Amino acid sequence: MSALPACPKCQSEFTYEDSGVYICPECAHEWPPQAAEAAEEARVYRDSAGNVLQDGDTVTVIKDLKLKGSGGVIKMGTKVKGIRLVDGDHDIDCKIDGFGPMSLKSEFVKKV
Ligand SMILES: [Zn+2]
């Protein structure tokens, strides 16, 4: 068992957990455990091979990616320079030569 966090409002250490929320018996403050933990941990982005990605990295696309709407295809092996990591389903913002601004999924790229 790990120790429960102190109350964020009054710093009481008598926090207890009930039905998935933390409750402080001293000031009656209630808060969800996930919210407190998520705020402290920055999201880590990984490519298809598990390498950690950072803003500005160069990656290659590991499979043909069909583009919605335009009918174009980004070919496997296409090099993408200067990626920008964003929060979302498509977690990479980038610009691809010949295609323009693009959103990719980190699971379909590999760090160069
Ligand atoms: Zn409290």
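Student: Which angles are found among the 4 donor atoms of the zinc ion, and how is the site classed?

Tutor: Four donors count as tetrahedral if all angles lie between 85 and 135 degrees. In this predicted model, the angles among the 4 donor atoms are 106 to 116°, and the site of the zinc ion is tetrahedral.

Student: Which residues coordinate the zinc ion?

Tutor: The SG atoms of Cys 7, Cys 10, Cys 24 and Cys 27 coordinate the zinc ion at 2.3 Å. Along the chain, these donors follow the spacing C-x2-C-x13-C-x2-C. Cys 7 belongs to the segment before S1, and Cys 24 to the loop between S2 and S3, so this pair ties together parts that lie 17 residues apart in sequence.

Student: Are Cys 7 and Cys 24 buried or exposed?

Tutor: A residue is called buried when its relative accessible area is under 20%. Cys 7 is buried, at 0% relative accessibility. Cys 24 is buried too, with a relative accessible area of 1%.

Student: In what order do the strands S1, S2 and S3 form their sheet?

Tutor: Strands of a sheet pair through backbone hydrogen bonds, in either a parallel or an antiparallel manner. Here 3 strands form an open sheet with the order S1-S2-S3, and their pairing is antiparallel. Strand S1 (16–18) and strand S3 (30–31) are the edge strands, each pairing on one side only. Strand S2, residues 21–23, is joined to S3 by 2 bridges. Within that pairing, Ile 23 has Glu 30 of S3 as its bridge partner.

Student: Which residues other than glycine have a positive phi in the loops between these strands?

Tutor: One of them is Ser 19, with phi near 50°. Ser 19 sits in the loop between S1 and S2 and is exposed, at 72% relative accessibility. Another is Ala 28, with phi near 65°. Ala 28 sits in the loop between S2 and S3 and is exposed as well, with a relative accessible area of 59%.

Student: Into which domains is the protein divided?

Tutor: The division gives domain 1 (1–38) and domain 2 (58–111). Their centres, taken over C-alpha atoms, are separated by 41 Å. An unreviewed UniProt entry carries the annotation "domain: Protein YjdM N-terminal" for residues 4–32. Over residues 4–32 the chain is 0% helix and 28% strand. The UniProt annotation "domain: Protein YjdM C-terminal", also from an unreviewed entry, covers residues 46–112. That span is 0% helix and 36% strand, and its end C-alpha atoms lie 13 Å apart.

Student: Where do the side chains of strand S9 point?

Tutor: The side chains of S9 (residues 92–96) alternate along the strand.

Student: Which strands form a hairpin with S9?

Tutor: On one side there is S8, with 6 residues between S8 and S9. Strand S8 (residues 84–85) runs antiparallel to S9 and is joined to S9 by 2 bridges, with Leu 85 standing opposite Ile 92. In the turn of this hairpin, Gly 88 has a positive phi of about 150°. S9 also forms a hairpin with S10, with 3 residues between them; Gly 98 in that turn has a positive phi of about 85°. S9 and S10 (residues 100–104) pair in the antiparallel sense over 5 bridges, and the bridge partner of Asp 93 in S10 is Ser 103.

Notes. Residues are numbered from 1 along each chain as its sequence is written. This is a predicted model: local features need pLDDT of at least 70, side-chain atom pairs count only at pLDDT 80 or more; totals for chains, interfaces and linings use all residues. Side-chain values use heavy atoms; hydrogens and water are left out. Two strands pair if DSSP finds at least two bridges between them. Helices (H or I, at least four residues) and strands (E, at least two) are DSSP runs, numbered from the N terminus. Donors are N, O and S atoms within 2.8 Å of the metal (3.2 Å for Na, K and Ca); water is not among the atoms, so sites may look incomplete. Four donors count as tetrahedral if all angles lie between 85 and 135 degrees; four count as square planar and six as octahedral if opposite donors are over 155 degrees apart and all others between 65 and 115; anything else is irregular. Buried means under 20% relative accessible area, exposed over 50%, partly exposed in between (1.4 Å probe, protein chains only). UniProt positions are given in the numbering used here, feature names are shortened, and annotations may be inferred rather than shown by experiment. Domain bounds come from an automatic or database domain assignment.
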